[in-house]
Amino acid sequence: MILEIADIRIHPGQQAAFEAAIELGLNTVASKAKGFIKAQVHQGIESPERYVLQIQWATLEDHTEGFRGGPLFPAWRAIVGPFFAEPPKVEHFTARF
């Protein structure tokens, strides 16, 4: 299993609309991707325009090639992309314990 962590900064005052959009995007687009396991979204307390999206994928390729390189990614980006104040920083992790 691979953990994708996306550090997302949105435009100020857009929290409610972004949360509705990311929930829609996860439920209708990302969750349909091969290898998608589950997702969680966390909002910053000190920085309320900052979100951390965690998605568990079966393999790295399920995210990087299957999702990002496939037909679902443009639909995902169309839903959540307008809220981004800057491009998200995305990294992948593997469990060690």
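Predicted model: local features only at pLDDT ≥ 70, side-chain atom pairs only at ≥ 80, totals over all residues.
View A. The side chain of Asp62 forms a polar contact with the side chain of Lys34, at 3.0 Å. When neighbours within four places in sequence are left aside, the residues in contact with Asp62 are Lys34, Gly35, Trp57 and Phe67.

**View B. The largest nonpolar core and the contacts of Ile8.** This core comprises 21 residues, and those with the most contacts inside it are Ile8, Phe18, Ile22, Leu26, Leu53, Phe67 and Trp76. Two or more residues are contributed to the core by each of strand 1 (2-9), helix 1 (15-28), strand 3 (50-57) and helix 3 (72-80). Not counting residues up to four places away in sequence, Ile8 touches Phe18, Ile22, Glu49, Arg50, Tyr51, Leu53, Phe84 and Pro88. In soluble globular proteins, nonpolar side chains tend to be buried together.

**View C. Packing of helix 1 against helix 3.** The two helices pack with their axes 8 Å apart and at an angle of about 165 degrees; since angles over 145 degrees count as roughly antiparallel, helix 1 and helix 3 are therefore roughly antiparallel to each other. The crossing of helix 1 and helix 3 is right-handed. On the side of helix 1 the contact is made by Phe18, Ala21, Ile22, Leu24, Gly25, Leu26 and Thr28, while helix 3 supplies Trp76, Ile79 and Val80.

Notes. Residues numbered from 1 in each chain as written. Heavy atoms only, no water. Polar contact = N/O pair within 3.5 Å; in protein donor to acceptor, adjacent residues only side chain to side chain. Contact = heavy atoms within 4.5 Å. Core = buried A, V, L, I, M, F, W, Y, C linked by side-chain atoms within 4.5 Å. Buried < 20%, exposed > 50% of the residue type's maximum accessible area, 1.4 Å probe, protein only. Helix = DSSP H or I, 4+ residues; strand = E, 2+ residues; numbered from the N terminus. Axes fitted to C-alpha atoms, helices over the stretch in contact; angles between N-to-C directions. Parallel < 35°, antiparallel > 145°, perpendicular 65-115°, else oblique. Left-handed = near helix turned anticlockwise from the far one by under 90°.
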